[in-house]
Amino acid sequence: MTGWDGIEEAVAVDATGSFAKAAASLGVSTSHVSRAIARLEDIVQAPIFHRTTRRVVVTEAGRALIEQFRLVIQTRDVALASISPDGEPQGSIKVTCSTALGERFVAPIIRQFAIDHPRISVFLDLTNRVVDLIGEGYDLAVRTGQLVDSRLTATRIASRGLRTCASPSYLEARGTPQLVADLGNHECLIGSSATWHFTESSNDVIYRPQGRWRCNNGGVVLEAAISGIGICQLPDFYVRTALNDGRLIPVLTPFRPSDEAIWAIYPQRRHLLPKVRKLVEMLRLHLPRYLDLL
């Protein structure tokens with residue numbers, strides 16, 4: 001048994017919830033993962049996972065072990081990266097980002113990062129699901145909102161504005177809201193966020209919109225607003241062109257919220273890795289410009 005045998009496998013099984021998925025993520029066979037876990041359980045003389053026909057659940061003893069295994073893997077990666085003679089990023093980097101922000105802005109930057117650093121391999125997961133970075137083995141996430149996990153570190157890399165708007169035809173037919181409370185008399189087009197944000201007398205105001213149109217895709221919500229179905233609140237990059245050409249008109253501008261921070265988020269020790277540190281620097285340098293150019 002080698003010094004690392006079973007450690008990567010145990011962390012992968014815990015992250016994915018199955019031996020087959022863990023094997024796929026590591027690029028090995030399911031039988032290899034099963035044997036590695038069995039050898040590890042023989043050494044510690046305790047089960048690490050409870051197996052059923054439907055799922056794999058970590059035991060109490062296994063949980064304590066796996067938390068330590070994650071630290072071992074992180075420390076190993078930092079140590080190996082630190083001996084790169086030229087400080088050049090190397091190895092694989094696993095990144096997650098929301099779909100729209102990722103497709104339009106983050107993916108081109110990471111693509112250039114891969115071109116600039118040929119020893120890097122990239123896995124970019126575009127999803128609106130809030131990924132467990134540590135549990136699922138991610139190096140970096142690009143997110144908006146507040147950091148709630150004390151095991152993670154956040155670096156602000158850009159910001160985005162939110163705009164509330166509707167089509168001229170909708171406002172002609174239904175009138176223009178003058179106060180946030182007036183939205184209760186309007187059709188609201190609800191996207192991936194269940195809350196809308198405003199500022200009133202320097203205070204943040206959260207409004208829960210109601211309406212008969214819901215979609216977790218911002219582009220679809222945009223088209224619904226342009227077609228005159230209702231009022232939307234979307235990030236600037238969705239609506240800027242439609243506002244400039246008059247297909248949409250801003251509403252409630254006195255209550256427009258402060259710009260929302262965009263963060264690079266990573267497990268606390270990951271920033272020591274050249275691949276993470278340099279990608280965060282590249283995102284901080286280029287993402288604000290990409291957002292402004294749209």
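Just after helix 8 (residues 236-244), G246 has a positive phi of about 90°. This is a predicted model: local features need pLDDT of at least 70, side-chain atom pairs count only at pLDDT 80 or more, and totals for chains, interfaces and linings use all residues. Residues are numbered from 1 along each chain as its sequence is written, and side-chain values use heavy atoms, without hydrogens and water. Helices are DSSP runs (H or I, at least four residues), numbered from the N terminus.

| Helix | Residues | Buried residues |
|---|---|---|
| Helix 3 | 30-44 | V33, A36, I37, L40, E41 |
| Helix 8 | 236-244 | D236, F237, Y238, V239, A242, L243 |

In helix 3, V33, A36, I37, L40 and E41 are buried. They cover an arc of only 135° around the axis, which puts them on the same side of helix 3. The arc is taken from the directions from the helix axis to the C-beta atoms.

Helix 3 has 15 residues. It reaches 21 Å from its first C-alpha to its last, close to the 21 Å expected at 1.5 Å a residue. The expected span is 1.5 Å times one less than the number of residues. Q45 follows helix 3, with a positive phi near 60°.

The axes of helix 2 (residues 19-26) and helix 3 come within 8 Å and cross at roughly 105°. Axes are lines fitted to C-alpha atoms over the stretch in contact, with angles from 0 to 180 degrees between N-to-C directions. The two helices are therefore roughly perpendicular (65 to 115 degrees) to each other. F19, A20 and A23 in helix 2 meet T30, V33, S34 and I37 in helix 3 (heavy atoms within 4.5 Å).

Note on methods
Buried < 20%, exposed > 50% of the residue type's maximum accessible area, 1.4 Å probe, protein only. Parallel < 35°, antiparallel > 145°, perpendicular 65-115°, else oblique.
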